[in-house]
Amino acid sequence: MKTDIQIAQEANMLPIKEVAAKIGLSEEDLELFGKYKAKISNEYIKSIKGNENGKLVLVTAINPTPAGEGKTTITVGLGQAFGKLGVNSIIALREPSLGPCFGIKGGAAGGGYSQVVPMEDLNLHFTGDFHAITSANNLLAAMIDNHIHQGNELNIDTKNITWKRCVDMNDRALRDIIIGLGSKANGVVRQDHFIITVASEIMAILCLANDLDDLRDKLSNIIVAYNTSGEPVTAKDLNAVGAMTALLKDAIKPNLVQTLENTPAIVHGGPFANIAHGCNSLIATKTALKMCDVVITEAGFGADLGAEKFLDIKCRKGDLKPDCIVLVATVRALKYNGGVPKTELKKENLDALKLGIVNLEKHIENLQKFKVPVVVTLNRFEDDTDNELNYIKEFCENKGARFALSEVFAKGGEGGLELARTVQNVLDSVPSEFECLYGLELSIKEKIEKLCTEIYGAEDVNYTPAVEKTIARLTELGFDKLPICMAKNQYSLSDDPAKLGRPTGFTMNISDMYVSAGAGFIVVLTGNIMTMPGLPKVPAAHNVDVVDDKIVGLF
C-alpha cells in the first residue's frame with residue numbers, strides 16, 4: 001500500500017470555496033489561505049449562533065501502544081462514511097504539533113484513505129496558529145523579565161515566576177535553563193524553563209474561549225508569578241493583554257479544510273492530552289454544531305486522558321452535550337496489552353487477547369460513568385482473525401456497548417459504513433444523559449482522588465509536601481472550585497507507563513501542581529510527566545526532505 005503522504009499528494013482536492021459551499025458558506029464568509037485552506041470569519045460565526053445544534057459524536061481510544069490504534073483515522077473515516085450515507089456532517093479536529101511530527105508519534109491528519117488534506121500543510125505550518133500562540137506566550141515571558149530589569153515595580157519574586165517560555169518542538173535541552181547571563185544590561189540572572197507550545201496555557205485559553213472578548217478576559221487572568229508577599233501577579237498587571245490579543249486575533253478563527261473524499265473538516269487548536277486538556281477549540285466545535293446535522297470530533301490519546309478532559313473540562317465550560325462516544329481499539333493493541341511482543345502481534349492469540357482486553361473493559365466502564373452511549377470500533381487489520389473479532393464483539397456487547405468493525409484506513413468512507421450506521425442508530429434511538437464525573441464544589445483533593453480512583457483505578461493517592469502546600473495556597477486564593485486537568489503518561493492507566501492492561505492496587509503519585517487561572521483549571525502532574533518532550537534516538541525528522549519541490553518522508 002502507498003504511504004500516507006503519497007496518498008495525500010495524489011488526492012483530488014476541491015477548491016476550499018467549493019467545500020465551503022457544501023455547508024452553506026459563501027466566499028465572503030471565508031478568509032482564504034491559498035486554494036485549499038481558509039479561516040471562517042467572525043461575522044459568519046456570529047450570524048449562525050441562533051441555529052439549532054446538530055448531534056455531537058466524540059471519538060476516543062484505549063491507551064496508545066506501539067501497535068497503533070488509529071483514532072484520528074477513524075474520526076476522518078467516520079465523517080467520510082456519513083457523507084456516503086448522505087448525512088450532512090463535519091469533522092472537527094485538533095491541529096498537529098511539530099514536536100511529535102518530527103519526533104516519534106507522527107502527525108495528526110489521519111492515515112491511509114482517511115486523511116485530512118493538504119496533509120503536508122496541516123502537519124507543518126498550516127495557517128500559522130501555533131506560531132501566533134508561541135509568539136504571544138513568549139511576548140508575555142519577555143515582558144516579565146523586562147519589568148524586573150526596569151525596576152520591578154510589582155515586586156515580582158524572581159524565585160517564584162511560574163510563566164515559562166515555549167517552542168513547538170521537542171527539545172529536552174530547554175527544559176531547565178539559565179537566562180540573563182553576561183552583563184547587567186542582559187537582565188536578571190535566573191533559572192527558567194521551556195515547555196512545548198501545545199502545553200502553553202495560551203493554547204488552552206484559545207481552545208476554551210468563546211470569542212475574541214472572552215479570549216482577552218481569559219488572557220488577563222493568567223498568573224505569571226507571585227510577588228514577595230505571595231500574591232499573584234497577572235498578565236493584566238503587566239499590561240500585556242492587548243498586545244497578546246493582537247497576536248491571536250486571527251489565530252482564534254477556525255480553519256476549514258477537507259478530507260480525501262472532500263468532506264468538510266474544521267481543524268483548530270491543539271493542546272496535548274497528556275499534559276494539557278487535549279481537545280480542539282470550543283469555537284470550532286460549537287460553530288460546526290450550528291452548521292450541520294452531525295459533528296465528529298476527537299479527544300487526544302486514551303479515554304482516561306483526552307475523553308475525560310473533553311467531558312469534564314471542555315463540555316462543562318462550553319455547555320456541550322455529547323450524544324455518542326466512539327471508542328477505538330485494535331486487536332493488535334489488545335494483544336500487546338496482554339503481553340505479546342510487537343513482533344508477534346500478527347498471530348492469532350486468544351489467550352493474550354483475553355488478558356489484554358481488560359484495558360478496553362476499563363475504558364468502556366469509565367465512559368459509561370458519564371451516561372453517554374458507547375460504540376466500540378475495531379480498526380481492522382488484514383491479519384485479524386474471525387475468532388478474535390467475534391470474541392471482542394461479544395465482550396463489548398456484554399458490557400453494554402454497541403460494536404462495529406472499521407476498515408477506513410484501507411477503504412476510506414466505504415470502510416466506515418458499518419460504523420456510521422451503528423452510530424446513526426444510536427443517535428436516533430438512544431438518548432444521551434450526559435453528566436460530568438464530579439461537581440466543582442468538591443475540594444481539590446476530592447476531585448483528584450475521584451479521578452485517580454474511579455478513572456485510573458488507583459487504590460491510593462500520594463502527595464508530596466510541596467504539593468500539599470500548593471493545595472492549601474490555591475484553596476486560600478479561591479481556586480479550589482476549578483476543574484482538574486491531570487497531566488499523566490498516556491501509555492498506562494497508572495502513572496507508570498510500563499503497567500499495561502488494567503493495573504490495580506497502585507498509588508498515584510502527585511508530583512506537582514499549578515493553576516492555569518486564565519484557562520480556568522488546575523493542572524496536576526503525576527509521576528515523571530514532562531511538559532517538554534525530547535526527540536528519540538532516530539527522530540522522524542531524519543526521513544523528511546524536499547525532492548522536485550515535493551515534501552517526502554513525512555509519513
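This is a predicted model: local features need pLDDT of at least 70, side-chain atom pairs count only at pLDDT 80 or more; totals for chains, interfaces and linings use all residues.
Modeller: Cavities and pockets come from a 1 Å grid over the protein atoms alone. A cavity is a set of points where a 1.4 Å probe fits but cannot get out. A pocket is an open set with protein on both sides within 12 Å along at least five of seven lines. Lining residues have an atom within 4 Å of a point. Grid points are joined across faces, edges and corners, and a volume is the space filled by probe spheres set on the points.

Biologist: How many cavities of 30 Å³ or more does that give?
Modeller: One. Residues are numbered from 1 along each chain as its sequence is written, and side-chain values use heavy atoms, with hydrogens and water left out.

Biologist: Which residues line the largest cavity?
Modeller: Among them are Glu95, Leu122, His125, Phe130 and Asp168. Helix H7 (residues 129-149) gives the largest share, three residues. Helices (H or I, at least four residues) and strands (E, at least two) are DSSP runs, numbered from the N terminus.

Biologist: And what classes of residue are in that lining?
Modeller: Six nonpolar, three polar and three charged. Here Ala, Val, Leu, Ile, Met, Phe, Trp, Tyr, Cys and Pro count as nonpolar, Asp, Glu, Lys and Arg as charged, and the others, Gly among them, as polar.

Biologist: Pockets next. How much space lies in the second largest pocket?
Modeller: About 1,200 Å³. Its lining has 42 residues. Ile161, Thr162, Lys164, Asp512 and Tyr514 lie nearest the centre. By class, the lining divides into 21 nonpolar, eleven polar and ten charged residues.

Biologist: Which element gives the largest share of that lining?
Modeller: Strand S22, with five residues. Other elements giving two or more include S7, helix H8 (201-208), S12, helix H19 (465-476) and S23.

Biologist: What sheet is S22 in?
Modeller: An open sheet of four strands, in the order S20-S22-S23-S21, with mixed pairing. Two strands pair if DSSP finds at least two bridges between them. Strand S20 (460-463) and strand S21 (484-487) are at the edges, and each pairs on one side only. Neighbouring strands are turned by 35 degrees against each other on average, direction ignored. Axes are lines fitted to C-alpha atoms, for helices over the stretch in contact, and angles run from 0 to 180 degrees between N-to-C directions.

Biologist: Which way do the S22 pairings run, parallel or antiparallel?
Modeller: There is one of each kind here. S20 and S22 run parallel, joined by four bridges. Valine 461 has methionine 508 in S22 as its bridge partner. S22 (residues 507-516) and S23 (residues 521-526) pair in the antiparallel sense over six bridges. There, valine 515 partners isoleucine 522, and methionine 513 stands opposite valine 524.

Biologist: What sits between S22 and S23?
Modeller: Four residues, in a hairpin. Glycine 520 in the turn has a positive phi of about 90 degrees.

Biologist: Which helix lies across that sheet?
Modeller: Helix H18 (residues 444-455). H18 runs at about 50 degrees to S21.

Biologist: Now S7. What sheet does it belong to?
Modeller: An open three-stranded one, S7-S12-S13, with antiparallel pairing. S7 (156-161) and S13 (232-234) each have a single partner strand, so one side of each is left without a neighbour in the sheet. The twist averages 50 degrees from one strand to the next. Three bridges join S12 (residues 223-227) to S13, and tyrosine 226 stands opposite proline 232.

Biologist: Switching to single residues. Phenylalanine 479: buried or exposed?
Modeller: Buried, at 17% relative accessibility. Buried means under 20% relative accessible area, exposed over 50%, partly exposed in between (1.4 Å probe, protein chains only). Phenylalanine 479 is in the loop between H19 and S21.

Biologist: What does phenylalanine 479 touch?
Modeller: Ile223, Leu474, Val515, Ala517 and Ile522, not counting residues up to four places away in sequence. Contact means heavy atoms within 4.5 Å.

Biologist: Last one. Where is cysteine 292?
Modeller: In the loop between helix H11 (282-291) and strand S16 (294-298). Cysteine 292 is buried, at 5% relative accessible area. Glycine 54 is 238 residues away in sequence, yet its C-alpha is 5.8 Å from that of cysteine 292. Leaving aside neighbours within four places in sequence, cysteine 292 contacts Gly54, Asn88, Ser89 and Ile90.
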